[in-house]
Amino acid sequence: MALSRRLTIAPELTQPSLRLAQTHEKFGQALKPHIGDALLCLPVFALALITLSEEAGRSQSVLIIALLALFGLILLWRMARSSAERKALRDNRDALIAGLEEARLRSEEARQRAEDLNTAKSRFLASISHELRTPLNAILGFSEIMEAELLGRHRVKAYRAYARDIHESGRMLLGLIDELLDLSRIEAGRFDLVESEISLADIAADCAHLVELRAQSRDLSLLLMIDPALAPLRADPRAIRQIILNLLSNAIKFTPEGGEITIEIGATKSGGQFIKVADTGPGIPAFEIPIILESFGRGTLAIKSAKEGAGLGLPIVRGLTSMHGGEFSLAAREGQGTVAMITLPAERVLHRAKPTKFIHQQAA
């Protein structure tokens, strides 16, 4: 049995009907903004009808018609004016939208250029750091041999002091290269954390022991406050050690002789853990804190006193802390010391521990 299909096609609109529909649509769009003005005419037309219905005199009818004509002219003038104003507003709106779009495109291009330049800078620093490390290691090795006089005594005693200066300068330069390399890796997102179970208290104690001689040479007291019930946490031990050493190095560098540096390790109320390094140094003006947290940023005190360093320690601390999901804050008042606080989130703590009394240890 054959199946038959019936296809019904709706009749298309004829050309005159289509034009008429378009005309009505345009007329409606043009009239829509003037509905409010048209409504103003209703009372006048009502007055005119009432007057004419009462068979008013010829003079009154002429007067009313004249008023209606005047009102119509005013209405037409107002409609024309409002149309011009709306057209001007539309033109201004279109110009504003075009300007905003152009500004957005320029901003996007500038942001992309800045990201490309930052990536290129980080790659350059990483490359040049590796290139400098090889000859610098040779300088350090040979200067150490010369200082120790392993191949024989120097005829001139000053040579040994020169070799010591070369070795110390080389170590300082190597530290700067390491900081540049770490910072470039952090900014480029290529610094990989090697996490393991660590004890924050043990790492802090090791760092305090490493800087103990430097603190003693400047007659500084190093006070270590550790929570004995502190639980282990999951973190990169090298990064945590570098964070603490950078903070201690800054504190020792800017604290005057006879001052005190406090390292406090404990648990936060939210279940995380914190590292706090406080000193009795000259402090930092509030407006300089954002400056020293940027790469190569140095405060006025460091510039005036010509302290060694390139302004990379704190940016590295902030970057490594952020990679651990923590927060870094710096509080300082001019003339009242500086407090650096590192807070690690509770997610990194392997076993929660309640804050208890601290053990005070005199490290230096």
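Modeller: Here it is, and we can start with the overall picture before turning to single residues.

Modeller: This is a predicted model, so local features need pLDDT of at least 70 and side-chain atom pairs count only at pLDDT 80 or more, while totals for chains, interfaces and linings use all residues. Residues are numbered from 1 along each chain as its sequence is written, and side-chain values use heavy atoms, with hydrogens and water left out.

Biologist: Thanks! How many helices and strands are there in the protein?

Modeller: The protein has 10 helices and eight strands. These are DSSP runs numbered from the N terminus, H or I of at least four residues for helices and E of at least two for strands.

Biologist: And what share of the residues is buried?

Modeller: 32% of the 364 residues, where buried is under 20% relative accessible area, exposed is over 50% and partly exposed is in between, with a 1.4 Å probe and protein chains only.

Biologist: At what angle do α5 and α7 pack?

Modeller: About 45°, with the axes of α5 (residues 200–210) and α7 (residues 237–254) 10 Å apart. Axes are lines fitted to C-alpha atoms, for helices over the stretch in contact, and angles run from 0 to 180 degrees between N-to-C directions. The two helices are therefore oblique to each other; that word covers what is left after under 35 degrees (roughly parallel), over 145 (roughly antiparallel) and 65 to 115 (roughly perpendicular).

Biologist: Which residues of α5 and α7 make the contact?

Modeller: Among them are Leu200, Ile203 and Cys207 of α5, and Ile240, Ile244 and Leu248 of α7. Contact here means heavy atoms within 4.5 Å.

Biologist: Switching topic, is Gln242 buried or exposed?

Modeller: Gln242 is buried, with a relative accessible area of 13%. Gln242 sits in helix α7.

Biologist: What is Gln242 in contact with, leaving aside neighbours within four places in sequence?

Modeller: Asp182, Ile316 and Leu320. Ile316 and Leu320 are also among the buried residues of α10.

Biologist: How many residues of α10 are buried, then?

Modeller: Eight of the 11 residues in α10 (residues 313–323), so helix α10 is mostly covered. Gly325, with a positive phi near 75°, follows α10.

Biologist: Which residue other than glycine has a positive phi?

Modeller: Asp219 is one, with phi near 55°. Asp219 lies in the loop between α6 (212–217) and β2 (221–226), and is exposed at 53% relative accessible area.
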